[in-house]
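Please keep the sequence and the structure in view while reading.

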Amino acid sequence: MRNMNAPSLLDSIGRTPLATLPRIGAGLPVPLLAKCEHLNPGGSVKDRIALAIVDEAERSGRIAPGATLIEATAGNTGMGLALVAAARGYSLVCVMPEKMSVDKRVALRALGARVIVTPNAPLDDPRNFQNVARGLAAERGWYLTDQFANPANPLAHERSTGPEILGQAGGPISAFVAGAGTGGTLTGVARCFERSSPRTRMVLADPAGSVLAEMVRSGRPGVDGAYQVEGIGSSRVPPNLELARVHRAEVVIDDESFAMTRRLWSEEGLLVGGSSGTAVVAALRVARESNPGDGAVVVLLPDSWDRYRSKEWAQPAGPD
Ligand code: PMP
């Protein structure tokens, strides 16, 4: 007979390793520790919020068995939702901007999701991926999981990511460094640390071309431009990003992000995506300015390299 208490795939979400970076972090005055969110079953930090959002929608009666979920996603939230939808019997529609890698589209379709690709249009354009998702949800009666504004997103990080890091660090943490797409990670971890590790400084790692870093520094949006790194940065502050909780911002250009990502692969064996490179570049700046005896710098690695394999920047440098 089947054991009804057998663990489900969804039970393996979270409790990811916090690893040292022995080579990239060599010679720093403080430990540099990486939270390996790429090791979640769906390959990204977004598994946590996908599960939390669906749990909350079920609890509050917003979805019934067989419901269709729809999300505007750079890909990772879609992957997380696809795992949860498959396990729980929901249908999933993902609306993705053209910019996002083909690898993510292929993976989402493999997981049984329907993928709608939209032009790379700004937020005030009705063709923008978030506007298309909202419109379809209203028109078809689908449940918009709404990672940009859903409070279950930062709450998942406040309740799981933050406490896990505090439990694993084995000592004080001077800074926590992460990018912001929806802002759920930074906001949720910040809320947890404000209570349990109030001296930790929260650092935003932002791609050049996003307006967010300048918002942290001066309260005014920075120059809105194009960049290639996926999943982080924005042309406006998303509802789930509480910038008042962020103490410092570092701007990282694409080339630095991608070069660091390749170093994470070849020097550390960490098979992560481009936004991990952005975060580690920012974390190294913070760590280099630290004094011996300051607490560790913790950096969050959001996703896995497999979703970028077709990208030019992800091609290995040397001969076969
Ligand atoms: N990196 C990648 C690759 C992502 O897809 C995301 C989420 N869009 C993030 C970082 C940022 O996470 P958050 O939405 O919690 O700010």
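**Cavity, pocket and ligand shell**

One cavity of 30 Å³ or more is present in the structure. The model is a predicted one, in which local features need pLDDT of at least 70, side-chain atom pairs count only at pLDDT 80 or more, and totals for chains, interfaces and linings use all residues. Residues are numbered from 1 along each chain as its sequence is written, and side-chain values use heavy atoms, with hydrogens and water left out.

On a 1 Å grid over the protein atoms alone, a cavity is a set of points where a 1.4 Å probe fits but cannot get out, whereas a pocket is an open set with protein on both sides within 12 Å along at least five of seven lines; lining residues have an atom within 4 Å of a point. Grid points are joined across faces, edges and corners, and a volume is the space filled by probe spheres set on the points.

The largest cavity contains about 50 Å³ of space. Its lining consists of Glu71, Ala72, Gln130, Ala133, Arg134, Leu144, Asp146 and Phe148. Strand S3 (68-72) and helix H4 (129-140) each contribute at least two of the lining residues, and the largest share, three residues, belongs to H4. Helices (H or I, at least four residues) and strands (E, at least two) are DSSP runs, numbered from the N terminus.

The second largest pocket holds about 380 Å³ of space. It is lined by 18 residues, of which Arg48, Ala52, Asp55, Ala156 and Ser160 are the closest to its centre. Helix H1 (46-59) and helix H5 (152-169) each provide at least two residues of this lining. At least three lining residues come from each of domain 1 (9-39 + 151-314) and domain 2 (46-144), the bounds being taken from an automatic or database domain assignment.

Around the ligand there are 16 residues, and Lys46, Gly181, Thr182, Thr185 and Ser275 come nearest; a residue counts as near if one of its heavy atoms lies within 4 Å. A polar backbone atom of Gly181 is 2.7 Å from an oxygen atom of the ligand, and a backbone N or O atom of Gly183 lies 2.9 Å from a ligand oxygen atom. A nitrogen atom of the ligand is 3.0 Å from a polar backbone atom of Gly231. Of the 390 Å² of accessible area that the ligand has on its own, the protein covers 96%, by the Shrake-Rupley method with a 1.4 Å probe.

How values were computed: A polar contact is a pair of N or O atoms within 3.5 Å; within protein, one must be able to donate a hydrogen and the other to accept it, and residues adjacent in sequence count only if both atoms are side-chain atoms.
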